[in-house]
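Here are my notes for you to read alongside the picture. Please keep the viewer open and follow each point in turn.

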Amino acid sequence: MNDNERTGSLPQRIFENSIVLIIIVVVWLFVPLYTKNLFLPSLFSILESFRDLALNGELWLDIVYSLRIVFAGLLIAASVAVVLGMLLGRFARLERYLDPTLQIMRNTPVLAILPVFILFLGIGDSSKIAIVIWATFFPTLLNTIQGAKNVDANLIRSAQSMGISSGGLFFKVILPAASPFILAGFRLSAGVAMIVIVAAEMVGAQHGLGFMIFNYQHSYQTSRMYVGILTLAIIGVFLNFGLVKLEKHLTRWQEKTQ
Amino acid sequence: MAADTNVVEISTAGLGLVYRKRQSARRGGDIYFPALKEVDLEVGKGEFLSLVGPSGCGKSTFLYILAGLHKQTSGAAYIGGEEITGPSLNRGIIMQAYALFPWRTIQKNVEFGLEVKGVPKPERQRIAREYIELVGLQEFADHFPYELSGGMKQRIAIARALAYDPDVLLMDEPFAAVDEQTRGFLHEELLRIWERTQKTIIFVTHSIDEAVLLSDRVAVMTPSPGTIRKIVDIPLPRPRTNALVNTEEFRKARNKVWQLLQTAGTATKEVKKEDGRVVLDTVLQEEVVF
């Protein structure tokens, strides 16, 4: 891709970025009006349902309910994963003890564990937070281990030559050096969290976007079901966009590679 | 220049380092690789001493022992009369790879050692600015290392080491990765800074010209296991500039070091010790006479 192609004029770029979406929207608006299939309502009726659900407050309740669990789980998982990952990355012995267990845990499909969490913790918030923690723990952990292992030995030697304590070495050298890996891992975790919360809410819940989608599918209120799906898609896009921005800001010290 | 070279700043006595590679008895037992052997050296306060020697002769290893980052297996090293047991802020190390912290701005990089030392923020900011100015890069204080050229990075690495005011600078091939022209500039910069700060400098290099141009004395090492073969005085007048390389005196000094390196004529062979250990040992050849 050459420079001219990449930096075309602003209107041209807006056109290139939106034309496919516009076509999809138009097709979705009008084609279902002729096909009249209950399973694929027109975007008009979906928007109508969206307005209804937004006005009666149900939609916001479900969004808040789902995101609360996503963020609680993500935060707990990420803080433990970063600390443990740094230790595992720097102490090979500790890694030898824990690696086999972690490998088995990591490779067990998350949703296969869900019934166990429900047995122990019921179908309330705690089992959902637990499953989000479990699922989002590993991407951040594995990336943190990788990052901590890859710290330039010269930087460590340089800091040590200035008589830095081992605590100082962890916080002032290894953590910032590993941060690009950690942030990339966290972004993966956030994506996983959205998948898992929807699945968990489909299995057993009273609220939440996953519950909402499942519930309206059961009662054949398909335009309301699509409201839930589209809301999740929009949240996902914004979440990823925000995390990419954050990542770019926190790693602005890295040389930009084209 | 050689400020007060009568006072010894750094000395080593019988310094040696033997690496051990563990191996089962069935395969002949552990193997020992001597990297350094019987290094005796005295460096005066404020002196500029270079170490030259063939690749792998252990000159960098020697420097890292002085930095306290490696541990010798025999003998001892002293700084200011005290035995070196680990790293400390009385020595600053400057590496070929710059080793600047990429997530810190230039200003924050230079503050690093002061931060470790616990110097309060306004104080360390002031000191860091002062040393960034000394190396002439004040307009880059808020930039990140990736935005600087190799030569600029190395000047910042020097500023960072100077900022916490060590007595000794240990420089491990600091200019090997920069282009010829920049290197010439950095030589004059380093000499200017050295003359101003009166630090003791031990400078490891592959380049004979560089060693002769900068140093009061050049220590020539033997191939592995390295030991000091001979120390050559460089009686060239100071202050020195790059123009010196065209003089007859420079060529003479250069030639002397070169010949010593050519005939550093040692080789290694395997020697079986009384206790059955197999050891690589040096075979010293005839002294060369000038």
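1. In which hand, left or right, does helix 4 of chain A pass helix 7 of chain A? The crossing is right-handed. A crossing counts as left-handed if the near helix is turned anticlockwise from the far one by less than a right angle, and right-handed if clockwise.

2. Before going on, some ground rules. This is a predicted model, where local features need pLDDT of at least 70, side-chain atom pairs count only at pLDDT 80 or more, and totals for chains, interfaces and linings use all residues. Residues are numbered from 1 along each chain as its sequence is written, chains are lettered from A and ligands numbered from 1 in the order in which they are written, and side-chain values use heavy atoms, with hydrogens and water left out.

3. Back to that helix pair. Two packed helices are described by the angle between their axes and the distance between the axes. For helix 4 (residues 58–90) of chain A and helix 7 (residues 125–149) of chain A, the axes come within 6 Å and cross at roughly 35°. Axes here are lines fitted to C-alpha atoms, for helices over the stretch in contact, and angles run from 0 to 180 degrees between N-to-C directions. The residues of this contact divide into 21 nonpolar, six polar and five charged. In this scheme Ala, Val, Leu, Ile, Met, Phe, Trp, Tyr, Cys and Pro count as nonpolar, Asp, Glu, Lys and Arg as charged, and the others, Gly among them, as polar.

4. Look next at D125(A), which is found in helix 7 of chain A. D125(A) touches Y65(A), R68(A) and I69(A), leaving aside residues up to four places away in sequence; contact means heavy atoms within 4.5 Å. Y65(A) is 60 residues from D125(A) along the chain, yet their C-alpha atoms are separated by 9.3 Å. D125(A) is partly exposed, with a relative accessible area of 29%. The cut-offs are under 20% relative accessible area for buried, over 50% for exposed, and partly exposed in between (1.4 Å probe, protein chains only).

5. What does chain A look like as a whole? Chain A has eleven helices and zero strands, where helices (H or I, at least four residues) and strands (E, at least two) are DSSP runs, numbered from the N terminus. The radius of gyration of chain A is 23 Å, well over the 18 Å that the globule rule gives for 258 residues, so chain A is more spread out than a compact globule. That radius is taken over C-alpha atoms, and the rule is 2.2 Å times the number of residues to the power 0.38. Along its principal axes, the C-alpha trace of chain A spans about 75 × 60 × 30 Å. Buried residues make up 41% of the 258 residues in chain A.

6. Chain B has seven helices and twelve strands. Of its 290 residues, 52% count as buried. Helix 1 (residues 59–67) of chain B is mostly covered, with eight of its nine residues buried; among them are F62(B), L63(B) and Y64(B). Just after helix 1 of chain B, G68(B) takes a positive phi of about 85°.

7. Now a helix pair in chain B. Helix 3 (residues 121–134) and helix 4 (residues 150–163) of chain B have axes that come within 9 Å and cross at roughly 140°. These two helices of chain B are therefore oblique to each other; angles under 35 degrees count as roughly parallel, over 145 as roughly antiparallel, 65 to 115 as roughly perpendicular and the rest as oblique. Their crossing is right-handed. I127(B), Y131(B), I132(B) and L134(B) in helix 3 of chain B meet A159(B), L162(B) and A163(B) in helix 4 of chain B. By class, this contact has seven nonpolar, no polar and no charged residues.

8. E189(B) lies in helix 5 (residues 180–197) of chain B. Is E189(B) buried or exposed? E189(B) is buried, with a relative accessible area of 11%. E189(B) touches L134(B), V135(B) and R155(B), not counting residues up to four places away in sequence.

9. Finally, some backbone details. Most residues other than glycine have a negative phi, and most peptide bonds are trans. K36(A) has a positive phi near 50° and is exposed, with a relative accessible area of 69%. A cis peptide bond joins S224(B) and P225(B), with omega about -5°.
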